[in-house]
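I opened this notebook page to record what I looked up in one protein model. The entries run from the whole chain to single residues.

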Amino acid sequence: MAVLIWGLPPDSATRQAINKGRPLWSTTDYLLADLVDSTMHTTWAIANKDVPRHEQSKPPRPYPRPGADDPKKAKITAAALLAFRERTRRG
């Protein structure tokens, strides 16, 4: 039974129920978020290339990822890793 459950897509109702009602992100989701961040940063850099540093706009904020409400405050702790391991343990 566990093999069947863990083989379900990350956005299935069963997998979401295991993850406290939130859909799990797939590798593709993380890669797309990285691509969005890269594109926004490149666009920002090009738009500000001839602007004096003190007049440049602020760099874009990273695309939000699950478990990181504020990227500056997001810290991975041993307790968070253990909780994640227990939530996602197979079998």
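The entries below cover the overall fold, the surface and two residues.

**Entry 1. Overall fold.** I note that the model is a predicted one. I looked up the secondary structure and found 4 helices and 0 strands. Along the sequence, the elements follow the pattern α-α-α-α.

**Entry 2. Burial and contacts.** I asked what share of the 91 residues counts as buried. The share is 10%. I then took the contacts between residues at least 6 apart in sequence; of these, 43% join residues at least 24 apart.

**Entry 3. Val36.** Is Val36 buried, partly exposed or exposed? I class Val36 as partly exposed because its relative accessible area is 34%, which lies between the cut-offs of 20% and 50%.

**Entry 4. Pro9.** I located Pro9 in the loop between α1 (2-6) and α2 (13-18). Its relative accessible area is 46%, so I class Pro9 as partly exposed. I then asked how many residues separate Pro9 and Leu24 in sequence. The two are 15 residues apart in sequence, and their C-alpha atoms are 8.8 Å apart in space.

Conventions
Residues numbered from 1 in each chain as written. Predicted model: local features only at pLDDT ≥ 70, side-chain atom pairs only at ≥ 80, totals over all residues. Heavy atoms only, no water. Buried < 20%, exposed > 50% of the residue type's maximum accessible area, 1.4 Å probe, protein only. Helix = DSSP H or I, 4+ residues; strand = E, 2+ residues; numbered from the N terminus. Contact = heavy atoms within 4.5 Å.
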